[in-house]
There are 2 protein chains.
Amino acid sequence: MERPSLENLETPAALVELDRVEANLRRVDDYARQHGLRWRPHTKTHKVPELAALQLRAGASGITVATPHEAEVMATVASDVFLAYPPVGAARLERLLRLPPRVSLSVALDSREALEGLSAAALKAGRRVGVLVELDLGMRRVGVQLPSDAIALARAIGMMEAVEYRGITFYPGHVRSPVGQQGSAVSELSSRLAEFIEHLSGAGLQPQVVSGGSTPTLWRSHEVAGLTEIRPGINIFNDRNTAAVGACTWDECAYSVLSTVVSTAVPGQAVIDAGAKALAKEEGLAPGGGYGALLERPDIVVRSLSEEHGLLDLSSTEWRPRVGDRVRVVPNHVCASVNLHERLWSMRDGTVQGTWAVAGRGWGAP
Amino acid sequence: MERPSLENLETPAALVELDRVEANLRRVDDYARQHGLRWRPHTKTHKVPELAALQLRAGASGITVATPHEAEVMATVASDVFLAYPPVGAARLERLLRLPPRVSLSVALDSREALEGLSAAALKAGRRVGVLVELDLGMRRVGVQLPSDAIALARAIGMMEAVEYRGITFYPGHVRSPVGQQGSAVSELSSRLAEFIEHLSGAGLQPQVVSGGSTPTLWRSHEVAGLTEIRPGINIFNDRNTAAVGACTWDECAYSVLSTVVSTAVPGQAVIDAGAKALAKEEGLAPGGGYGALLERPDIVVRSLSEEHGLLDLSSTEWRPRVGDRVRVVPNHVCASVNLHERLWSMRDGTVQGTWAVAGRGWGAP
């Protein structure tokens, strides 16, 4: 095969700029060191064990996963894995507990049912699993509502076999305002968290680990009192939404989808071969709307997506690409786009360096 | 491994009811026969060659694909493949033209650039490719705008080597109103199409093939004058949007995602392990909004999706599922959901019959 390049790669193709990835990882490691926080990146963003290895070499203290299959894949390079998701159901639990014994495993959960299932399965598998009690600090997705619920669950963990209370966890995914305007949301988080910590400590259940954080709130994590660990995911690549809230600059976006213009027949637009099955239909936080923007022309927006078609809005530009031209699109939400690709191409100085399988996609072999 | 069942399958799992699939295929074949139409199902919905084979056995005259990789996969079972997408770029063209020579191949395109690339590549590959001129009949995505453009492109096809003018094609994806209210949209389609056919015929370019249709407009295809072929995709499985517009009943939905309740900590909702990475975030046409509804309780809606979390809205029901309970979700748009799964489980009478790899996902090995 011809050496792959930006000119001859089959499109759509998911590209990763290595220089930018390395700089993004240095930046989070510097921040974490400066504030005495551990960082445990969420690998659901890339699902690539080689990139998890890069994060660990850059200073990460362990990794986070969302599914047992991601845990399987990441266990090939990581010795400390946190499943930030309640492992419910026999098949999920069995897969999770088949991880190599050398892997230190912890999970998040918010119910007695999930805890009982985990304890029984861990006992059967002959391994010990750390548990963080999941708190709802305003996201309203999962997590116990009251300090008394957290105390009851932490006590239950202490009374069950093969599980161990390690602390508390939360995800502030509801905070999506610009970084400069997050002050009140972050202080609200902080005071709700303080209330949980105070009650737990008062009950003799002081959390050893207080794990939280997202990419949008990443750079204000030090303002959350009591936090010991951050779990940014997107930050390795960044994306259009992260740039829109000011948690990265456009030049820090390391991921884009190379695509080809396939039609210009309808006036005012150009159609590219990156559609919803390459970019993902994810809500945009950028003022221009749409589902992504061009890396080299961030004012040109992907206005709508069909499965294999992306429509570039040319209504406010004189630029007129021709059929066959190639463009690179930064999607709104990188995690959803990566999940649509079987491989990522790594790039440096405009040339393809290699390829990684997105090994953590899906739910694994039955 | 234990025999997989609805009780022990690892979730999320994509399930396909075989009885419903067979009935859905019989229904479209009966309709097509009754109206003298050929049907060439769009296999982008399932991406499974075994299901394409089932469609061909049920009476389909060929199959439709969206990508060269789908063509590769479907060529293992089909001898007549239509790529309803302009093949632009050397890598795409090479992949497409490496299809086994026994496969009769045709493509849609709307530009001179796409035509020239195809002709040169086909000549080099030593094969003949049929071309349908793509028309824009109101979708405003791709397709030539005017009869004069269609004539110019059809003439250009006639003058180039290794390509052959076969007719015209369009996709009425903009018609998403309820079937009973499609009368004026369909007659508008029909009159725009008639204008193209008249001009082409007047120029000695009468189209042999007039290919169109979608699943929402499927049952009104016979009202489109001049149509020779329909290309429904979704109709093999159906989905919540198809039921919402009345192009199927709820009992004709053959696809659902089996999932497990993992959290009920936040009042008024239950969280399932089918999120955007299992169901897909696709706009809903049903009045209840959301991203899907429960197969057995269509009034219960998946109100929002994170990557691995689906939030069931329980605000208007007394039903309270428990952590560990299992539910089946019919997604808004089945094609986007299937594309997120590496395999589908086939079901009959409540038991798992087997599994198919979703072999046409992605863009194939480089």
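Author: Let's start with pairing: two strands pair if DSSP finds at least two bridges between them. Keep in mind that this is a predicted model.

Reader: What order do the strands of the open sheet in chain B take, and what is the sense of the pairing?
Author: Eight strands of chain B form the open sheet, in the order β2-β9-β8-β7-β6-β5-β4-β3, and the pairing is parallel.

Reader: Why do β2 and β3 of chain B stand at the edges?
Author: β2 (38-39) and β3 (63-65) of chain B each have a single partner strand, so one side of each has no neighbour in the sheet.

Reader: How do you know that β6(B) and β7(B) pair?
Author: Pairing takes at least two bridges, and β6(B) and β7(B) have six, in the parallel sense. In that pairing, B:Gly130 stands opposite B:Glu164 of β7(B).

Reader: And what makes β5(B) and β6(B) a pair?
Author: Four bridges join strand β5 (residues 104-109) of chain B to β6(B), and the two run parallel; the cut-off is at least two. B:Leu109 stands opposite B:Val133, while B:Val107 has B:Val131 as its bridge partner.

Reader: What makes β5(B) and β6(B) count as mostly covered?
Author: A residue is buried if 20 or more other C-beta atoms lie within 10 Å of its own. In β5(B), five of its six residues are buried, and in β6(B) five of six are buried too.

Reader: Why is the β6(B), α6(B) and β7(B) unit called right-handed?
Author: You look with the strands pointing away from you, and the path from the first strand over the helix to the second has to run clockwise. β6(B), α6(B) and β7(B) make a right-handed β-α-β unit by that test.

Reader: What about the helix itself: how does the span of α6(B) compare with what is expected?
Author: Helix α6 (residues 147-159) of chain B has 13 residues and reaches 19 Å from its first C-alpha to its last, close to the 18 Å expected at 1.5 Å a residue.

Reader: Which residues of α6(B) are buried, and why do they line one face?
Author: B:Ala150, B:Leu153, B:Ala154 and B:Ile157 are buried. Seen down the axis of α6(B), the buried residues fall within an arc of 100 degrees, so they line one face of the helix. In general, an α-helix has 3.6 residues a turn, so residues three or four places apart point the same way. The buried residues of α6(B) pack against α5, β6 (129-134), β7 (163-169) and α7 of chain B. On the other side of α6(B), B:Ser148 and B:Met159 are exposed.

Reader: What makes β16(B) and β17(B) a pair, and in which sense do they run?
Author: Six bridges join β16(B) to strand β17 (residues 351-357) of chain B, and they run antiparallel, where at least two bridges are needed. B:Leu344 has B:Trp356 of β17(B) as its bridge partner. Their hairpin has two residues between the strands, and there B:Asp349 takes a positive phi near 50 degrees.

Reader: Finally, how many residues of chain B are in contact with chain A?
Author: 57 residues of chain B are in contact with 57 residues of chain A. On the chain B side, α4(B) gives the most, with four residues. That side divides into 24 nonpolar, 17 polar and 16 charged residues.

Notes:
Residues numbered from 1 in each chain as written. Chains lettered and ligands numbered in written order. Predicted model: local features only at pLDDT ≥ 70, side-chain atom pairs only at ≥ 80, totals over all residues. Contact = placed C-beta atoms within 7 Å. Nonpolar A, V, L, I, M, F, W, Y, C, P; charged D, E, K, R; others polar. Expected span 1.5 Å × (residues − 1). Buried ≥ 20, exposed ≤ 12 C-beta atoms within 10 Å, placed from the backbone. Arc of directions from axis to C-beta.
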